[in-house]
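I opened this notebook to record, entry by entry, what I looked up in one protein structure. I begin with a single residue and then widen the view.

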Amino acid sequence: MKSNPKNFSVKIIKGHAYIYSWAYRSTAYRSHSSVARYYWKYRGRFGTRKVRDFMRRLNNTEQMQLKEEVQRKLQIHKEIQKQVEEMLQVDPYKARYNNILSTKNRITRENELKKFYSELNSLIKDRNEMKD
């Protein structure tokens, strides 16, 4: 990867923003074992020293673009989480949530909760896409 990458991506995981940079790998530089078109590099969690060092290599407009993208994605994540909490107050989701919480086996309970939250998030995202 180039020492001064210009492409970056922001991923929100459990309410925290993580930064990745990527570069296109032309066919001449791809090996047979990994034919990936893009080379991804983990830069770290937003706000850490590792990400600040990465941001210093970007110019001012790219730094502002990165900050705005992080804020925008965090805002979207917060809105989705607020909608999930509201949906848990409605009867069919509330009953299912309480039923999952009553499971005695911790591993099964956590897996079911993960699936349930995933379903709620996908429902909310689909609903938001239909509005737009």
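**Entry 1: lysine 14.** I located lysine 14 in the loop between S1 and S2. I noted first that the model is a predicted one.

**Entry 2: the order of elements.** I listed three strands and four helices in the protein. Read from the N terminus, the order is β-β-β-α-α-α-α. I then asked why the protein is described as more spread out than a compact globule. The globule rule gives 14 Å for 132 residues, whereas the radius of gyration is 20 Å, well over that value, so the protein is more spread out than a compact globule. Along the principal axes, the C-alpha atoms fill a box of roughly 55 × 40 × 30 Å.

Entry 3: Among contacts with a separation of 6 or more, 46% come from residues 24 or more positions apart. I recorded 30 positive and 14 negative side chains, with the centres of the two sets 10 Å apart.

**Entry 4: helix H2.** I checked the length of H2, which covers residues 60-87. At 1.5 Å a residue, its 28 residues should span 40 Å, and the end C-alpha atoms lie 41 Å apart, so the two values agree. I then asked which residues are buried in H2. They are Glu62, Gln63, Leu66, Glu69, Val70, Ile80, Val84 and Met87. The cover over these buried residues includes strands S1 (8-13) and S2 (16-24), together with helices H1 (49-56), H3 (91-101) and H4 (106-131).

**Entry 5: glutamate 62.** Leaving aside residues up to four places away in sequence, glutamate 62 touches Lys6 and Phe8.

**Entry 6: helix H4.** I repeated the length check on H4. Its 26 residues should span 38 Å at 1.5 Å a residue, and its end C-alpha atoms are 37 Å apart, which agrees. The buried residues here are Leu113, Phe116, Leu120 and Ile124. To read such a list, I noted that an α-helix has 3.6 residues a turn, so residues three or four places apart point the same way. H2 and H3 are included in what covers the buried residues of H4.

**Entry 7: tyrosine 42.** I placed tyrosine 42 in strand S3, residues 38-45. At 39% relative accessibility, tyrosine 42 counts as partly exposed. Which residues does tyrosine 42 touch, not counting those up to four places away in sequence? I found Tyr18, Ile19, Tyr20 and Lys50. I also looked up its separation from arginine 25: tyrosine 42 and arginine 25 are 17 residues apart in sequence, and their C-alpha atoms are 16 Å apart in space.

Technical notes. Residues are numbered from 1 along each chain as its sequence is written. This is a predicted model: local features need pLDDT of at least 70, side-chain atom pairs count only at pLDDT 80 or more; totals for chains, interfaces and linings use all residues. Side-chain values use heavy atoms; hydrogens and water are left out. Helices (H or I, at least four residues) and strands (E, at least two) are DSSP runs, numbered from the N terminus. The radius of gyration is taken over C-alpha atoms; the globule rule is 2.2 Å times the number of residues to the power 0.38. Contact means heavy atoms within 4.5 Å. Lys and Arg count as positive and Asp and Glu as negative; His and the chain ends are not counted. The place of a charge is taken as NZ of Lys, CZ of Arg, CG of Asp or CD of Glu. The expected span of a helix is 1.5 Å times one less than its number of residues. Buried means under 20% relative accessible area, exposed over 50%, partly exposed in between (1.4 Å probe, protein chains only).
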